[in-house]
Amino acid sequence: MKVAVIQFPGSNCDQDVYHSFARGIGVPTEMIWHKDEQLGEVDLVVIPGGFSYGDYLRCGAIARFSPIMKAVGEYADRGGLILGICNGFQILCEAGLLPGALIRNNCLEYRCMTPHLLIQDSTDTFNRNKIGQIIRLPIGHGEGNYRIDDEGLDRLERNEQILLRYCDEQGNLTEEANPNGSVNNIAGIRNERGNIFGMMPHPDRAFERFHPSMDGLPVMKAVLATKETVTVPI
Amino acid sequence: MATAPLPPNPDSLLNTSITSELVSTHGLLPEEYEKIKKILDREPTLTELGIFSVMWSEHCSYKNSRPLLKLFPVEKADKNADVGKVLVKAGEENAGVIDIGDGWAIAFKIESHNHPSAVEPFEGAATGVGGIIRDIFTMGARPVLLTNSLRFGELNSKEVKRLFRGVVSGISHYGNCMGIPNLGGDIYFDECYEGNPLVNALCLGVLKHDDIKRGAASGVGNPVYYVGAATGRDGLGGASFASKELTEESQADKSPVQKGDPFMEKLLLEACLEMMAVPGLVVGIQDMGAAGLTCSTCETASRGNAGIEIELDLVPQRESGMNSYEIMLSESQERMLVIIPKGRESEIEEVFEKWDLHAVKVGEVTDGDRMVVKQHGVVVADIPALSLTDDGPVYTREGIEAEGIEELREWTPSELPDVDASSLDSTFRKLIAHPTIASKEWVWKQYDHMVMAGTSVEPGSDAGVVHLNLEGTEKILAISNDCNGRFCFLNPYRGGLISVAECVRNLVCSGARPLSITDNLNFGNPFKLDVYYTLAESIKGLAEGCRAFDLPIVGGNVSLYNETPEGAIDPTPVVSIVGIIESEEHITRQTCRRGDETLILLGGIPNELGGSQYLKLVHDLKTGDAPVVDLEKEKHQNEFVLGEISAGRVVAAHDVSDGGLLVAVAEMLFGEEETYGAKIVLPSSVSEGRLDEALFGESQGRILLAVEPEHIDEVFAAASEASVEAMPLASLSQDGEFSITIGKTNPLMTWKVSEIRSLWGTVIADIMDHENEGEI
């Protein structure tokens, strides 16, 4: 098992992701510079949070043109496993690897807090049984307001592609519990095929005893476990 | 004149002769200009006049404060201490460095960006953060935390709200993008800061002892590199701008405010750290902050006892036709000057190429002592480097206390009605809902306080706490900022002392042993003798506090001329202290966790009202003396608290400060997950004195400990053994009620704790979210 973390100029959670996988889970993890053109032999590619290219133009809009993204696209086509966290989620949407877009929070301000999240039964590995019903993960973003057209939203719901939703302590999907205005309280999704995951919350900030929660560990493990269950032929 | 004049400047606009008017618009006094002529042995060129004006400005030269700053201890007195030894002293480099053990060290410093923030709050605050981050990574340190000390006018006008919102979003914009957690800091709202907000930004970085970098140019022939962003006309003469009072015109004059680009700075940070990791590649490095290229060239030359020569044509420029005056005085952000060994040019260029940044050789280290600047090959400035850094004017004067302050100190509350059962409710609500005391969550949820995955105590507690995972070694640091301007107004000496004592108390309450201190002295115009008096007295108070707790000052910043036409701000000597927590188990928050704890008060029931928020908010008074500080008692009590924390007997600890005892108790009930009730039982003896002093006085040396039932006897026994004054004050409950009785039988008041929490928790958001409703 090997995890690769892609570093863009302006990535700033690359070290957090590195430590959460290397130390938190205990999988060999390596960094890949965005100017590289090859991924090599890896089992999971993580695109970390941060402000790639300063979030200029639109979040993730420039990073998708980095040399490494061609290899990431090919890897995705082969059924390779990809996780985008925060800015990584934005990049995956910009690259067309995940549907929808992330726009400015409806409060028009950056939000750093640890909301409750309702886990959805999305796949054999990413579900309440494996992760838990309600978890808490930190968020830190100014543009996490997930948007998609009605048809796309319908497809996400129908295919159970939604991974996480912002909720209150009891699991209710209220407007108050939604920190950024995302449609249907969506905090994370996967693609239809089930090999590409994107989420605004940070499992990479929830793996140590002193963190607000340690719920990042089951989330990261659930993504990693998908490796064993992806049934689509490569 | 013995020395020949320089050749004409390539830009004929600059070939004007220096008139007394020009000297004055550069903020230089006639005698200072005479000194410049003597140093050069000729008339300066306009470019040179500009260079002298920024280097001899208050911001760069500390001309009005330097002799006073000598009062500060700069080394640890205890030579046997395990940690805390000063490795780089205050004033030596861009930031001081202290040992935290196991070969690791921290560099930290606080700096002001008050004037730019008053004019352009977003950019002013953002570049303030950017500047202090550069000061830290210039030392070779990886920045790991940020905090701020902020002061604004009362949050009841559109303009103050605009400044507050702008400053907070500027800090958030820059720090979040850099990926450095912001642990909050302290914020006060008081009318004295109306029109002149204070924006003090702190950064702390971590490094190995062996990796400390110096800002010295040495080795004749070594190349001088310019790295980072290109130079534009922004921020021209910002250092001199910061050394004047704010007027109507300065509001309209936005050119001295720099524009920040945190993405560029993030690249610069990573590239610089990568470059520094190459053995022997960096001879010297200095940030281009205030006074930009001017300051970095003359300071590195002066520190290295060398000369330096640069050609401005080689400087990356983002505007065309910039003349030497503009290039030398520009304060464009995100730039550094690096001196490397001759022959290793390709190595530095390779690193910066990777990060798509400029790295251009602009000159070299020379024999002698001159800073020579050329443009198109023509010498446009030729100045002894040392004269700019060390020979600036120094002013000392005899300060005089402003009239009437002594009378204010002598004020007593004898004429004042005491609080009673009928006024207690409205009084408490006024305090708990004032933005100075209320929750600052509205601010810090806009700051990324969790990036780097090391934060363990989030903003809002007595101190912020981060874990540092250093190649297998773990260190836990705590940081807190403090300064009560009202105390300093009434008694600047004691106010300074309180800044230190209270900040130390905050750290102790978080389980940390204080290590070292950085200060930001925010005052008015030092040429006014009463302002100078408060500056001198506050410094004496700070110095006394530092010596008492053996806290060396490792640097900081002086910001003077914080005045508007309405007058000077309250003296505001902000301090920030960093402490170390020995073990994860000792990390202590201010909020209770169980609901069955007893709150034990150390230090006795408060008995002073001077300078309190209560007098301000309820009686509109800024009177009385600042509270008494008993340093020996505090030191002893602090040791006791640290001992109880390490013995595992303390669930939560909180310092009694702004708003007094009742506010402090309430704040301990507002847990992360739950809100607890509490019954306060005041001793019957309280009836003999004033109730307002007991509940709302801000006497020093008071700490509340939350202790579980099974440890209460042990804590009292330990207190009695250590001769620390301790009394049970309140017991927590799950019934949601917050009540006070005097003795066991005399009920005074009961509140619903959830209502109090909601008042405290939402007031700032409520005010800010109704921004467009005009004056309230």
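Predicted model: local features only at pLDDT ≥ 70, side-chain atom pairs only at ≥ 80, totals over all residues.
Two strands pair if DSSP finds at least two bridges between them.

**The interface between chain B and chain A**

- The size of an interface is often given as the accessible area lost when the parts come together.
- Between them, chain B and chain A bury about 2,500 Å², and 54% of this area lies on carbon and sulfur atoms.
- Three residues, Phe263(B), Lys445(B) and Met450(B), supply 23% of the area that chain B buries against chain A, which is more than any other three residues.
- Chain B contributes 34 residues to the contact, and chain A contributes 29 residues.

**Polar and charged links across the interface**

- There are 5 salt bridges between chain B and chain A.
- A salt bridge links Glu109(A) with Arg165(B), and the closest N and O atoms of this pair are 3.5 Å apart.

**The side of chain B that touches chain A**

- At least two residues of this side come from each of α8 (158–178), α11 (262–276), α14 (345–354), β14 (455–457) and β15 (464–470) of chain B.
- Helix α8(B) gives the largest share, 5 residues.
- By residue class, this side of chain B consists of 12 nonpolar, 10 polar and 12 charged residues.

**Strand β17 of chain B and its partners**

- Strand β17 (residues 513–522) of chain B is largely enclosed by the rest of the structure, because 9 of its 10 residues are buried.
- Strand β21 (residues 572–581) of chain B runs antiparallel to β17(B), and 9 bridges join the two.
- Within this pairing, Ser516(B) stands opposite Val578(B) in β21(B).
- With strand β18 (residues 553–559) of chain B, β17(B) pairs in the parallel sense over 5 bridges.
- Here Asp519(B) stands opposite Gly556(B) in β18(B).

- Strand β25 (residues 703–707) of chain B is joined to β23(B) by 4 bridges, and the two strands run antiparallel.

Conventions:
Residues numbered from 1 in each chain as written. Chains lettered and ligands numbered in written order. Heavy atoms only, no water. Contact = heavy atoms within 4.5 Å. Buried area = accessible area lost by both parts, 1.4 Å probe. Salt bridge = Lys/Arg side-chain N within 4 Å of Asp/Glu carboxyl O. Nonpolar A, V, L, I, M, F, W, Y, C, P; charged D, E, K, R; others polar. Buried < 20%, exposed > 50% of the residue type's maximum accessible area, 1.4 Å probe, protein only.
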